Amino acid sequence: MADVLTLTGLSWSVGGSAILSDVDLAVGEGEFVAVIGPNGAGKTSLFNLISGLTRASAGRIAVDGADITGEAPHRRARRGIGRTFQSSSVFPTMTVAEHVALAARVGKAKQSDALERVRLTRRAGALAADLSHGDKRKLELAMLLASGAGRLLLLDEPMAGVASGDVPELVAVIRSLHRDEGRTVLMVEHHMEVLLGLADRVAVLHHGALLAVGTPDRIMADARVQEAYVGEAL
Ligand SMILES: Nc1ncnc2c1ncn2[C@@H]1O[C@H](COP(=O)(O)OP(=O)(O)O)[C@@H](O)[C@H]1O
Ligand SMILES: [Mg+2]
């Protein structure tokens with residue numbers, strides 16, 4: 001299994017405080033890695049570094065073996081790195097279909113059947129403002145697919161704000177992008193029951209350092225991980 005993403009000694013400091021320290025992680029082609037860790041552990045900061053929103057203070061980020069540590073975000077997107085944020089970002093007054101058309105133009109990729117693949121075709125004519133949180137998440141995924149930035153998906157708490165009744169469908173969409181289409185996924189998620197059905201491996205961040213990486217079963221049983229979560233729900 002070739003590595004899609006390789007992080008080596010990745011560190012990020014801001015205002016003199018170390019937010020991420022010496023993170024080493026290799027993610028294989030088609031692998032699903034969940035990133036967990038208590039609030040403030042550095043999960044979003046890690047995604048910021050990988051997507052190019054912020055620049056590493058030290059260390060290296062490679063995609064397909066090519067060093068992209070200093071590369072601009074739009075160039076990373078062209079390599080297929082797509083990212084969603086903790087809060088949904090859609091244009092309320094645009095329809096679902098208009099979003100995907102825009103994304104396809106920006107990425108100069110074919111519009112394809114992005115809506116079909118996220119099970120949103122029936123809402124194509126709806127305004128984004130009228131979508132449920134779950135459907136907004138699906139729309140964001142469709143935009144990444146249409147823009148061509150859907151090879152390595154960085155999903156930051158995609159279930160946040162989604163009604164519990166809509167979670168299984170969103171999980172099914174993400175699972176199908178991974179299992180059926182072979183996309184590589186890195187996903188921050190708090191709900192272990194969601195992760196157990198999706199992740200090949202779980203990476204645990206704690207105070208900006210990688211505490212443990214392993215199969216979901218091993219991570220759940222890891223005493224150090226349980227200790228890191230004292231006072232918080234796993
Ligand atoms: N731009 C920033 N400036 C200063 N501190 C930041 C910045 N971004 C994040 N942090 C700090 O870095 C730590 C990790 O934040 P974050 O990556 O958002 O954690 P998580 O996503 O795991 O909850 C927190 O203590 C946060 O306050
Ligand atoms: Mg976060």
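**View 1. Helix α5 is largely enclosed by the rest of the structure.** In this predicted model, 14 of the 15 residues of α5 are buried, so the helix has the rest of the structure around most of it. A residue counts as buried here when 20 or more other C-beta atoms lie within 10 Å of its own. Helix α5 covers residues 133-147 and reaches 21 Å from its first C-alpha to its last, close to the 21 Å expected at 1.5 Å a residue. Follow the chain past the helix and you meet glycine 148, whose phi is positive, near 90°.

**View 2. Ten named residues can be picked out around ligand 1, from Val14 to Ser45.** Two of them are Val14 and Ile19. By type, the shell divides into three nonpolar, six polar and one charged residue. Helix α1, residues 43-51, gives the largest share of this shell, with three residues.

**View 3. Helix α1 is another largely enclosed helix.** Seven of its nine residues are buried, so the rest of the structure encloses most of α1. To find the buried positions, look for Lys43, Leu46, Phe47, Asn48, Leu49, Ile50 and Ser51. Just after α1, glycine 52 takes a positive phi of about 95°.

**View 4. Four strands make an open sheet in the order β2-β1-β4-β5.** The pairing in this sheet is antiparallel. Which strands stand at the edges? They are β2 (17-28) and β5 (66-67); each has a single partner strand, so one side of each is left without a neighbour in the sheet. As a reminder for reading this view, strands of a sheet pair through backbone hydrogen bonds, either parallel or antiparallel.

**View 5. Strand β1 pairs with β2 and with β4.** Eight bridges join β1, residues 3-14, to β2, and the two run antiparallel. Along this pair, leucine 7 has leucine 25 as its bridge partner in β2, while serine 13 stands opposite alanine 18. The two strands form a hairpin with two residues between them, and glycine 15 in the turn has a positive phi of about 55°. Toward β4, the pairing of β1 is again antiparallel, over five bridges. Here threonine 8 stands opposite arginine 60.

**View 6. Strand β9 pairs with β3 and with β10.** How many bridges join β3 to β9? There are four, between β3 (residues 32-36) and β9 (residues 201-206), and these strands run parallel. A handy landmark is alanine 34, which stands opposite valine 202 in β9. With β10, residues 209-214, strand β9 pairs in the antiparallel sense over five bridges. Leucine 205 stands opposite leucine 210 in β10. The hairpin of β9 and β10 has two residues between the strands, and histidine 207 takes a positive phi near 50° there.

Conventions: Residues numbered from 1 in each chain as written. Chains lettered and ligands numbered in written order. Predicted model: local features only at pLDDT ≥ 70, side-chain atom pairs only at ≥ 80, totals over all residues. Near = placed C-beta within 6 Å. Nonpolar A, V, L, I, M, F, W, Y, C, P; charged D, E, K, R; others polar. Pairing = 2+ DSSP bridges. Expected span 1.5 Å × (residues − 1). Buried ≥ 20, exposed ≤ 12 C-beta atoms within 10 Å, placed from the backbone.
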